[in-house]
Amino acid sequence: MFIANIKYLTFDDRKLMLIGIPVLSLLIPVIFFQVGIIELFKYGITEYIEHVIYTIVFWIFCRWLTIQLRKKYDRFDQIRKRLMVQALIKIPSIFLISLLIKPPIELYYQLTERPNVCNPDLVQALSAIYFLTLFVFLLYETIYYIAQYKQALEEKNQLQLAHVQGQLDNLRNQINPHFLFNSLNTLMNLIPMDSDRAMNYLDKLSRFYRYVVSNRSQTLTSLQEELNVTRIYADLLKERFQDAIHIQLPEKVPYDTQILPLSLQLLIENAVKHNIVSHKRPLRIEVAIDEAGEYLWVHNNIQKKIQEVSSTGMGLSNIKERFAFFTEAEVETIDDGQQFSVGLPFVHQKVEV
């Protein structure tokens with residue numbers, strides 16, 4: 001039963017008891033009865049054993065009462081009620097337990113004719129006992145609330161991570177039908193014109209979708225891997241738009257940087273979606289790393305379409321919310337009327353998910 005009740009304490013308190021009981025048994029007479037440590041052991045171990053017995057009894061009582069009340073009042077909104085009931089039970093119970101323990105101990109001293117070095121009066125004895133129980137109570141409650149806080153923090157992080165994963169899944173679901181439809185149209189046009197180009201295009205398309213499908217559980221990916229997939233994505237767009245689009249990607253990247261998967265594809269797709277892409281007015285997209293090595297910038301020239309394109313709301317707001325979970329650095333945007341830029345912060349610390 002000892003092990004079974006540990007879950008109500010949130011930790012295994014056996015080591016705490018093995019250390020705390022002997023230490024408190026030594027400090028109580030020194031603090032409350034003004035008895036020196038040398039004087040305490042002058043007449044043998046009997047005096048110290050008496051205080052150990054008191055400490056064990058009241059420690060076990062506090063522990064038992066704490067467990068029973070946590071079983072009954074286990075909800076967060078019942079904390080105040082549990083503490084009040086605990087106080088109402090402890091105050092008279094401690095007094096009664098003290099009255100029950102004291103006669104056998106006094107009888108022992110009389111029969112053995114050993115001196116009682118402490119020999120406290122009623123006020124001193126009750127003060128020491130109430131201090132002991134209050135200390136044990138606060139010790140268990142402090143550890144309990146720290147454990148509850150850590151658990152709440154972990155649950156919050158798990159909920160946030162689930163939210164981020166849900167956003168990423170929605171993003172993947174959005175990319176799949178939208179991009180697939182345009183890609184299949186391009187492929188259908190290539191097949192009768194050039195079978196080799198069509199096969200090459202189909203190979204890149206399958207590699208891109210393999211990445212999207214096989215990494216569904218990933219919430220972060222290395223910058224190098226993201227750029228490798230972005231190059232495939234850029235080649236697919238290049239085949240579709242020819243000289244109407246120019247996409248420039250960096251060759252060298254920092255080794256230990258991570259980024260959210262498909263974030264680059266989404267920014268490039270948004271640039272294509274909201275701007276004119278034609279041979280007369282080619283769309284130029286540049287992906288570059290800033291000098292400090294902290295941001296990946298995506299720049300594109302602004303040439304908005306005359307007819308406003310409907311938005312699904314899965315663009316920058318999606319990226320900003322996802323990045324906010326992994327880093328305090330914010331996603332930055334700059335619009336000077338000629339060029340639109342988005343800065344994605346790097347995630348340097350690997351997050352276990």
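A residue counts as buried under 20% relative accessible area, as exposed over 50%, and as partly exposed in between. In this predicted model, R197 has 32% relative accessibility, so R197 is partly exposed.

**R197 and its surroundings**
- R197 lies in helix α7, which spans residues 195-214.
- Leaving out residues up to four places away in sequence, R197 is in contact with L190, E239 and Q242.
- L187 is 10 residues from R197 along the chain, and the C-alpha atoms of the two are 9.0 Å apart.

**Strand β7 and its partners**
- Strand β5 (residues 295-301) pairs with β7 in the antiparallel sense through 7 bridges.
- Within β7, F340 is the bridge partner of N300.
- Strand β6 (residues 332-335) also runs antiparallel to β7, and 4 bridges join them.
- G343 in β7 stands opposite E332.
- A hairpin is formed by β6 and β7, with 3 residues between the strands.
- In the turn of this hairpin, G337 has a positive phi of about 90 degrees.

**Helix α10**
- Helix α10 spans residues 316-326, and its buried residues are N318, I319, R322, F323 and F326.
- These buried residues line one face of α10, because they fall within an arc of 120 degrees when seen down the helix axis.

Definitions and conventions: Residues are numbered from 1 along each chain as its sequence is written. This is a predicted model: local features need pLDDT of at least 70, side-chain atom pairs count only at pLDDT 80 or more; totals for chains, interfaces and linings use all residues. Side-chain values use heavy atoms; hydrogens and water are left out. Two strands pair if DSSP finds at least two bridges between them. Helices (H or I, at least four residues) and strands (E, at least two) are DSSP runs, numbered from the N terminus. Buried means under 20% relative accessible area, exposed over 50%, partly exposed in between (1.4 Å probe, protein chains only). The arc is that of the directions from the helix axis to the C-beta atoms. Contact means heavy atoms within 4.5 Å.
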